[in-house]
Amino acid sequence: HILIDEFQDTNQLQYRWLALLCNNENYFFAVGDDDQSIYKFRGSDVINIALFDYSYAKNNITNLSQNYRSTKNILNAANAVIKHNKYRIIQKDLWTQSNVGNKLLEYTFYDANDEAAFIVNEIKKQVKIRNMITYMNILLIAKYIHFSYPLKKLKKYVKKRKKNYVM
């Protein structure tokens, strides 16, 4: 038996290896989501999911569309975005039994400075309107280095007002 996880991120060579390993006596189990294919720049090819269905028709495809982590509002937004995926192979709608959740907000920024100003102003607003929140209670996580600018701007603002913080 062979198990392949993140099947949507396999490349053509890996798919050919799989074909060599699998014969009529071997079974394999692949887990993948065509809507989550993000490694095309590394050579992954989401078409492998369609090839799997075609080449190994005796296998069953089970669509796992129930989400246990997100609210209905988040999944509705996700469904609205992924329905435009031009490489989508398997049609599905994500759903949950969770509550509706908070309303999602959308902001458009002119540039990184505009985005930084928004983040700083949101933090200032939360500190001002919520008695229990201080600058020491706020954690800002930035995944990309270009988001370090808002951190520098926030640090300058907090330092100028002689507030306690850890950066």
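Predicted model: local features only at pLDDT ≥ 70, side-chain atom pairs only at ≥ 80, totals over all residues.

Reply: Residues are numbered from 1 along each chain as its sequence is written, and side-chain values use heavy atoms, with hydrogens and water left out.

Me: Which element has the lowest mean pLDDT?
Reply: pLDDT is the predictor's confidence in each residue, from 0 to 100, and the chain averages 81. Helices are DSSP runs of H or I with at least four residues, and strands are runs of E with at least two, numbered from the N terminus. Helix H3 (residues 72-82) has the highest mean, 93, and the lowest, 68, belongs to helix H5 (residues 148-160).

Me: How many aromatic pairs are there?
Reply: Rings of Phe, Tyr and Trp (its six-membered ring) pair if their centres lie within 6.5 Å; planes under 30 degrees apart are stacked, over 60 edge-to-face, and the rest tilted. By this rule the count is six.

Me: What kind of pair do Phe-7 and Phe-52 form?
Reply: Phe-7 is buried (under 20% relative accessible area; exposed is over 50%, partly exposed in between; 1.4 Å probe, protein chains only), at 4%. Phe-52 is also buried, at 8%. Their ring centres are 5.7 Å apart with 70 degrees between the planes, so the pair is edge-to-face.

Me: What kind of pair do Phe-109 and Phe-118 form?
Reply: Phe-109 is partly exposed at 30%, and Phe-118 is partly exposed at 24%. With 5.3 Å centre to centre and 55 degrees between the planes, the pair is tilted.
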